[in-house]
Amino acid sequence: MAEADGAHRDEHRFMHRAIELASMCPPSETAFSVGAVIVVDGAEISNGYSRETDEKVHAEESALDKLDADDPRLARATIYSTLEPCSQRATPTRPPCTDRILAAGIPRVVIAWREPATFVTNCVGVEKLRQHGVEVLELPDLADAAMSMNRHLNLR
Ligand SMILES: [Zn+2]
């Protein structure tokens with residue numbers, strides 16, 4: 001039981017870290033502010049946030065871009081993202097984050113909220129990840145905090 005409690009605290013600690021990153025995003029009227037952290041063996045190995053390196057980059061993409069594509073640690077990593085990874089995106093030259101996570105071989109994803117139908121009518125990121133055997137954990141009690149920097153976007 002103590003071990004389960006410890007794991008629970010870790011999940012929340014890293015999601016709070018992702019939320020902190022989401023609050024660093026340059027503001028946008030047309031895209032969500034999202035934060036992401038990649039964790040291996042209880043330690044952060046990379047992080048990213050929306051529009052960090054260019055105006056189109058997504059949080060998960062930015063975090064993955066900072067690691068080698070064949071980094072062996074990815075096979076036991078967890079990626080924390082404040083928002084469900086996208087399954088399609090407005091920039092057709094870049095793969096959706098769901099595809100990037102699958103290509104990286106990351107076995108576990110933790111999210112705080114599901115993508116609403118604001119920009120994409122039906123995000124299937126979670127479903128697609130699970131179909132490919134990725135464990136997806138949602139932390140609904142942190143959804144409000146993770147959405148807080150996106151309230152101006154008319155969420156529905
Ligand atoms: Zn994305």
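**A conversation about the chain and its sheet**

Visitor: What share of the 156 residues in the chain is buried?
Guide: Buried residues amount to 39% of the 156 residues. A residue is buried if 20 or more other C-beta atoms lie within 10 Å of its own, exposed if 12 or fewer, and partly exposed in between, with C-beta atoms placed from the backbone. This is a predicted model, in which local features need pLDDT of at least 70 and side-chain atom pairs count only at pLDDT 80 or more, while totals for chains, interfaces and linings use all residues. Residues are numbered from 1 along each chain as its sequence is written.

Visitor: Which pattern does the chain follow along the sequence?
Guide: The pattern is α-β-β-α-β-α-β-α-β-α, with 5 helices and 5 strands in the chain. Helices (H or I, at least four residues) and strands (E, at least two) are DSSP runs, numbered from the N terminus. The radius of gyration is 14 Å, close to the 15 Å of the globule rule for 156 residues, so the chain is as compact as a globular protein of that length. That radius is taken over C-alpha atoms, and the rule is 2.2 Å times the number of residues to the power 0.38.

Visitor: And the sheet, what is its strand order?
Guide: The order is β2-β1-β3-β4-β5, in an open sheet of 5 strands with mixed pairing. β2 (43–49) and β5 (135–138) stand at the edges with a single partner strand each, so one side of each has no neighbour in the sheet. Two strands pair if DSSP finds at least two bridges between them.

Visitor: In which sense do β4 and β5 pair?
Guide: Strand β4 (residues 108–113) pairs with β5 in the parallel sense, over 4 bridges. Arg-108 stands opposite Glu-135 in β5, and Val-110 has Leu-137 in β5 as its bridge partner.

Visitor: What do β4, helix α4 and β5 make?
Guide: They make a right-handed β-α-β unit, with helix α4 at residues 125–131. Right-handed means that, with the strands pointing away from the viewer, the path from the first strand over the helix to the second runs clockwise.

Visitor: Is Gln-131 buried or exposed?
Guide: Gln-131, found in helix α4, counts as exposed, with 10 C-beta neighbours inside 10 Å. Gln-131 and Val-109 are 22 residues apart in sequence and 13 Å apart in space, C-alpha to C-alpha.

Visitor: New topic: how many residues does the largest nonpolar core have?
Guide: The largest nonpolar core has 39 residues, and those with the most contacts inside it are Ala-18, Ala-22, Ala-36, Val-37 and Tyr-80. Such a core is a set of buried Ala, Val, Leu, Ile, Met, Phe, Trp, Tyr and Cys residues joined through C-beta atoms within 7 Å.

Visitor: Where does the largest share of this core come from?
Guide: It comes from α1, which gives 6 residues. Elements that give two or more residues include α1 (2–22), β1 (35–40) and β3 (78–83).

Visitor: With which residues is Ala-22 in contact?
Guide: Leaving aside neighbours within four places in sequence, Ala-22 is in contact with Ser-33, Val-34, Gly-35, Tyr-49, Thr-82, Ala-146 and Met-149. Two residues are in contact if their C-beta atoms, placed from the backbone, lie within 7 Å.
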